[in-house]
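Student: Could you walk me through reading pockets and cores in a protein model?
Tutor: Gladly; let us look at one together.

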Amino acid sequence: MPHQAVSPSSCLPRLHSNPRADHERAYGPSERAILSRAAFEEAMAEIGAWPGYAPTPLRSLPGLAREAGIDRIWYKDESARFALGSFKALGGAYAVLRLLAREVTARVPGVPVTALDLVVGRYARVTRTLTVTTATDGNHGRSVAWGAQVFGCNCVVYVPAACSPGRRAAIEAYGARVVVIDGSYDDAVRRAAADAAEQGWFVVSDTSYTGYMDVPRDVMQGYTVMVEEAISQLPASERPTHVFVQGGVGSLPAAVCGHLWESWGRQRPRFVVVEPHNADCLYQSAVAGRPMRSEGDLDTVMAGLACGEVSLLAWAILERGADDFLTIPDEGAVTAMRKLAEGKHGGRPIVAGESGVAGLAGLLCAAAHEDVRLALGLAPDARVLVFGTEGATDPEVYERIVGRSPEMVAEDPVSAAGR
Ligand SMILES: Cc1ncc(COP(=O)(O)O)c(C=O)c1O
């Protein structure tokens, strides 16, 4: 494809290329202890058998690829993942299932516990006495609440004050009790851990910290189902040259990075982590070479990415597996949401939430700035895979940003014609 003129953009990204990235390094035992093919197979067999499971579509965005001056953009569209409309359905609910199975087995020894046993309430006398808890900006809590409802235990979810009413209501709709914390996501994580210790509850967190690794490892393993789907949907001759993935605590990018690394080894694509300017804990960790806090105030429209501290398990993969760390202003995500809603990508309108588009937004911002574009090797023949990790998980916020409701966007025949 001929190189297109790329229009300059005021979405100025900040790039740090990771000096510790090691493309020659084999996927070894320390990585495999976190994410492995065997554990993926288990997650796939389990989640693939849940009612309503179907691979989400992988969409080509030719209009935006042209705009970015590259060959292709592949967009893994998670907006219809189970009933939740985000990739998080694969993580939290899977971790709840594994935790309940372990707890039932410990109390009723001898018989392996299946998901179906829990769904039909075979061990309800045990599971009804158990409570799972977590902190969330929205999507993870929804997944844990959904898992608790389906597999039959109680659930308490802690949300930061900034969590929107729509996202709180969506969690409550699955029967969970929601506690609003006067503080940030990281404050909510600490409060969930403290209350769980006091009450004898089980923390099902998507972030790991010293002494707390098993459950977040299950969460990350659940996410690899999405990555494997994408691998099998990509045309064999079109292996991506780059992957741009948004990060909050880093479990998502680490799951994508680790699974591609194990699957493709040295042939894996260049891996770019994208965060909001104001919630840049992964970027800061890459700069320092060790887990660091965000320097920003976490005030971002990309609510799911508003995390101040990295997950240690995630960092263990990204430290060498991620090639680049990019941060973007909110404006980048807003513009990407509108472009997808308007069909500017060249196809049916795509409804995408503000955290879900961050990877794509990072690509578009990077491509629009010649120095960043060159530094990332975004040549005219580049093929980029991004993960659209949520739909309109809060319809009110979506409408405020895009100017139309998710339903109006999805049904708009003018946009569908690729205006
Ligand atoms: C839609 C969406 N995308 C991406 C992420 C980032 O995931 P992680 O915090 O595991 O990096 C989140 C986290 O909540 C999210 O909700």
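Predicted model: local features only at pLDDT ≥ 70, side-chain atom pairs only at ≥ 80, totals over all residues.

Tutor: Residues are numbered from 1 along each chain as its sequence is written, and side-chain values use heavy atoms, leaving out hydrogens and water.

Student: What volume does the largest pocket have?
Tutor: Rolling a probe the size of a water molecule over the atoms shows where empty space is left. A pocket here is an open set of points on a 1 Å grid over the protein atoms alone, where a 1.4 Å probe fits, with protein on both sides within 12 Å along at least five of seven lines; lining residues have an atom within 4 Å of a point. The volume, the space filled by probe spheres set on the points, is about 360 Å³. Of the 20 lining residues, Ala162, Cys163, Thr300, Ala303 and Ala306 lie nearest the centre.

Student: And which residues have the most contacts inside the largest nonpolar core?
Tutor: In soluble globular proteins, nonpolar side chains tend to be buried together. A core joins buried Ala, Val, Leu, Ile, Met, Phe, Trp, Tyr and Cys residues through side-chain atoms within 4.5 Å. The largest has 98 residues, with Trp50, Val256, Phe271, Leu318 and Phe325 making the most contacts inside it. Apart from it lies another core of 44 residues, Ala341 among them.

Student: Why does Val409 count as buried?
Tutor: Because its relative accessibility is 0%, and buried means under 20% relative accessible area (1.4 Å probe, protein chains only). Among the residues Val409 touches are Ala341 and Tyr398, a contact being heavy atoms within 4.5 Å.

Definitions and conventions: Buried < 20%, exposed > 50% of the residue type's maximum accessible area, 1.4 Å probe, protein only. Lists of a residue's contacts leave out its neighbours within four places in sequence.
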